[in-house]
Amino acid sequence: MSSPSTGSRIQIGPRPSRLGPLIKSGGAGSVYLLPDYPDSVAKIYHARVDPPSYTDRVEAMLQLRPKLPDQLEGGKRYVQIAWPDAVVRDERGRFIGFTMPALDVDSTSEVEQVLQERQARAAGLPVGLGHKVTLAANLASVLAALHAQHHYVVDLKPVNLRFYRASLYIALLDCDGFSIQGLGRRFHAPQFTPDYLAPEYQVHTLTEAGEETQDRFALAVVIFQLLNFGIHPYSGRPKHDRVPTDVPGRIRERCYAYGRRGNAAMEPNPVSAHAMMPVQLRDLFDRAFGQTPAARPSSAEWGDALRAYAQPSRGLIVVCAKHREHQHYAGQSCASCMRQELLTRTARNAVPRPKTVSPLPPIWTAATRVQLQ
Ligand SMILES: Nc1ncnc2c1ncn2[C@@H]1O[C@H](COP(=O)(O)OP(=O)(O)OP(=O)(O)O)[C@@H](O)[C@H]1O
Ligand SMILES: [Mg+2]
């Protein structure tokens, strides 16, 4: 029998229906519009991934939904998580996929694209601290709702996270690849990314018991990057030549240079904003990247802390008096000014290169040199 495609008859729960036009095909399945349900789409698994093997996982997702209401803003409804709503079967009643709320993917961007200021500006994405804190707060809140049901993303990293450009709400897609809590059974996540893997799992295999602490670690890395010009918390300047050159090696050796007490092996990246963060946030990062995995802040704790900074009425983030487009924490100096001055000074002192060798504008060359240390 041919695999289901546009026009195929399907059953959504008990109701007969049809698949509409294909939206996009991914590694595990294809996502289709549903003419009978304009607010929903269907993900149909590719035959090669053995669709029936997803049956119990999707059933478990239907039973334990994260409590995440759609957000209404400016007359628009924002779906924060594409969680399954109903099972999809073929004409003969075989499991082939699921329906989920339709989400306007074109109005979203990857969190990765907002991390580097230059890239964000070029893409017309926000660069201000207030926006970044809002994004971080929204991300932590979505994860808190997921974690409350004991589901974990596991492969949590900026390229896997999307947000709505207009509202800065998070849009969590591809949820069937998460680690899912079933009734008396867990459905594991198949992959993780070493640059976002906690120190303890750089050494030992990541097990079921560690998935929440792993998500807490990866969340802290993403928040650190969001609040600190895209700098990875395990990058910096090695103090000696025994410091691993790769990020996973530095995570394993606990080369976190941005703690309140500093690090024996690493110096911070000189353009880092960590010294201009409030103590409350620095302490949260210190717990996230410290020696004790059990002390890592939960997603809910991050959400509570960040939400206060994200609310303009609280006045915890203010507009810079010198540069109106900069924002900084109240009572702290402006990290964007510090960064800009340092980058300009580095560019001025840089040895000029012949034009044929370096096609990049000088400021970009300087920024790259400073950031890659
Ligand atoms: N709820 C949704 N509403 C609208 N479009 C969606 C939705 N879910 C997924 N898509 C689109 O379909 C694509 C593939 O979906 P998804 O990532 O779930 O599939 P996948 O096969 O698991 O992919 P991957 O190999 O990346 O894991 C997405 O990148 C997105 O463009
Ligand atoms: Mg997938």
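Which polar backbone atom lies 2.9 Å from a nitrogen atom of ligand 1? A polar backbone atom of Pro101 does. The model is predicted: local features need pLDDT of at least 70, side-chain atom pairs count only at pLDDT 80 or more, and totals for chains, interfaces and linings use all residues. Residues are numbered from 1 along each chain as its sequence is written, and side-chain values use heavy atoms, without hydrogens and water.

| Residue | Protein atom | Ligand 1 atom | Distance |
|---|---|---|---|
| Gly27 | backbone N or O | oxygen | 2.7 Å |
| Lys43 | polar side-chain | oxygen | 2.7 Å |
| Pro101 | polar backbone | nitrogen | 2.9 Å |

Now the shell. Ligand 1 is surrounded by 16 residues (a heavy atom within 4 Å). Gly27, Ala28, Lys43, Pro101 and Asp174 are the closest. By class, 10 are nonpolar, three polar and three charged, with Gly counted as polar. Domain 1 (1-102) and domain 2 (104-346) both contribute, so ligand 1 lies between them. These bounds come from an automatic or database domain assignment.

How values were computed:
Chains are lettered from A and ligands numbered from 1 in the order in which they are written. A polar contact is a pair of N or O atoms within 3.5 Å; within protein, one must be able to donate a hydrogen and the other to accept it, and residues adjacent in sequence count only if both atoms are side-chain atoms.
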